[in-house]
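Please work through the exercises below with the sequence and the model at hand. Each task is followed by a solution in steps.

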Amino acid sequence: MDDPLPSPLPLRTRLSYAVGHFLNDLCASMWFTYLLLYFHSVLGYSSRHAGALLLTGQVADGICTPLVGYEADQAGGCGRYGRRKSWHLIGTISVLLSFPFIFNPCLGCSEKTPEWAVLIYFIPFVVIFQFGWAATQISHLSLIPELVTSDHEKVELTAFRYAFTVVANITVYALAWLLLHFEVGRRGAPNLGRQDIPVFRNLSLIVVAVGAISSLLFHLGTPEKTRPPGCTPEPEEHTPLLSDSQKKPIRPYLLWNHWLLEPAFYQVAMLYMATRLIVNLSQTYIAMYLTNSLMLPKKFIATIPLVMYISGFLSSLLMKTVNKRIGRNLTYFLGLMIILAFAAWVALTGNMGVEVYGAAILLGAGSATILVTSLSMTADLIGTNTHSGAFVYGAMSFTDKVANGLAVMLIQNLHPCPTLLCCPGCVAFYHWVMVAVTGGIAVVASLFLACLMIWPIRIRFHDVSVTGLAGSRPRELEPQDEEDNASIVN
């Protein structure tokens, strides 16, 4: 008798899982959209120092992510608490304790304090925040293959997750618009300056409070099986007495070092890195583009990103249907075409008026499409190898974080007036930055996608890392065994 199909994940559980990354998404929205703007345009620090702080955070995140992923796969949970949720709790506490200090002026510093000293003051808070962010992200992502098994359920759960990511961004930008609106009404200053320090301080405190509540809902409503790392699941009521292991060789575990020998691991990693570069860099420089290139009032740094993420939210709701009809690769290609349309619009239009909202809709829809699809491809790559899933997500995130940090530092060093708030040269500078970080990287991503279409993802087990029945020794897989055990992701 065949095994019964697992029951679908209840809606309540899917929703509670989706809000588990809400705190991270709220903080990431402020980090990528407003960090450079806050330190350069509000606090008045040089663009290079602001870029160095962001680079420090990205490198810290990139280092912490694979290490946390490895430890999350190896270590057990806290008592009866699952290992994924244990790391999620550790990360949440770290974020809650560190993030508010980043968007507050240096305590004890004065106008005479040198910028390098202020930078040293902020670095510990940035490192603790990035460690917590990485721990929360990896533990949350690695729960997907453990909660659901079918491809379409993985896409649906990823879409739920991204939908709340968009809700988080909408929340941040709506709050920012309200705070800036009241600040302009009280002081009458249309441009950013030190008078806007309370806006970003209050925004960070609200973000932490809302994120704490959502994390609590995640821990209360999301189940996780608790078992020692590296152990196989216990037999259940419907487990057949005669398993298929008597007919086929024992299916081996894929450990973290085995992934480094898999070409598919690098294929997906490069595509995920390109995706994150498009999404994060466009989010980082959209505020600079609006205020310095288009010369729009400061309220647009909230309304335009808000339109982007409403568009992304609506697009994410269609991901399951689109993926099912045309497949992963064509869905990703469709997203790239939308991104290229945005880049062409920006490149051919020097000064935008109301049409900037149309461009924002394109960027939001394209970013949502490629991000949801790339995360689904990563879940497909892991498949049933959930015991090493956190390492895979950690390694993917490592390439993303380091590449983003280096790209921001490169752009900041190319700034024509690094010590000034803005100069005539920065008008064209941010215009072409937006074209490059969307259209330029989209072209590179299309090349990575072509590799996946030519050479589909095939997972091979290079070593058997579990012993057979009666304590038999591990053996190398024969070519025929590799063919049987390979998994194809279309």
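The model is predicted, with pLDDT of at least 70 needed for local features and 80 or more for side-chain atom pairs, while totals for chains, interfaces and linings use all residues. Residues are numbered from 1 along each chain as its sequence is written, and side-chain values use heavy atoms, leaving out hydrogens and water.

**Exercise 1. State how many helices and strands the chain has, and what share of its residues is buried.**

Step 1. The chain has 16 helices and 2 strands. These are DSSP runs numbered from the N terminus, helices being H or I with at least four residues and strands E with at least two.

Step 2. Of the 490 residues, 55% are buried. Buried means under 20% relative accessible area, exposed over 50% and partly exposed in between, with a 1.4 Å probe and protein chains only.

**Exercise 2. Describe how helix 2 packs against helix 4.**

Step 1. Helix 2 (residues 22-42) and helix 4 (residues 83-102) have axes 12 Å apart, at an angle of about 25°. Axes are lines fitted to C-alpha atoms, for helices over the stretch in contact, and angles run from 0 to 180 degrees between N-to-C directions.

Step 2. Helix 2 is therefore roughly parallel to helix 4. Angles under 35 degrees count as roughly parallel, over 145 as roughly antiparallel, 65 to 115 as roughly perpendicular and the rest as oblique.

Step 3. The two helices cross in a left-handed sense; that is, the near helix is turned anticlockwise from the far one by less than a right angle, whereas clockwise would be right-handed.

Step 4. Residues of helix 2 in the contact include W31, Y38 and F39, and those of helix 4 include V95 and F99. Contact means heavy atoms within 4.5 Å.

Step 5. The contact has 11 nonpolar, 2 polar and no charged residues. Ala, Val, Leu, Ile, Met, Phe, Trp, Tyr, Cys and Pro count as nonpolar, Asp, Glu, Lys and Arg as charged, and the others, Gly among them, as polar.

**Exercise 3. Describe how helix 2 packs against helix 10.**

Step 1. The axes of helix 2 and helix 10 (residues 263-293) come within 8 Å and cross at roughly 40°. Helix 2 is thus oblique to helix 10.

Step 2. The crossing of helix 2 with helix 10 is right-handed.

Step 3. Among the residues in contact are F32 and H40 of helix 2 and Y285 and M288 of helix 10. By class, the contact has 7 nonpolar, 7 polar and no charged residues.

**Exercise 4. Characterise the aromatic pair of Y38 and F200.**

Step 1. The structure holds 19 aromatic pairs. Rings of Phe, Tyr and Trp (its six-membered ring) pair if their centres lie within 6.5 Å; planes under 30 degrees apart count as stacked, over 60 as edge-to-face and the rest as tilted.

Step 2. Y38 and F200 form a tilted pair, 5.4 Å centre to centre with 55° between the planes.

Step 3. Because Y38 lies in helix 2 and F200 in helix 8 (residues 197-221), the pair ties together parts 162 residues apart in sequence.

Step 4. Y38 is buried at 0% relative accessibility, and F200 is buried at 2%.

**Exercise 5. Locate Q137 and list its contacts.**

Step 1. Q137 is found in helix 5 and is buried, at 1% relative accessibility.

Step 2. Leaving aside neighbours within four places in sequence, Q137 is in contact with H21, N24, R161, Y272, R276, S397 and K401.
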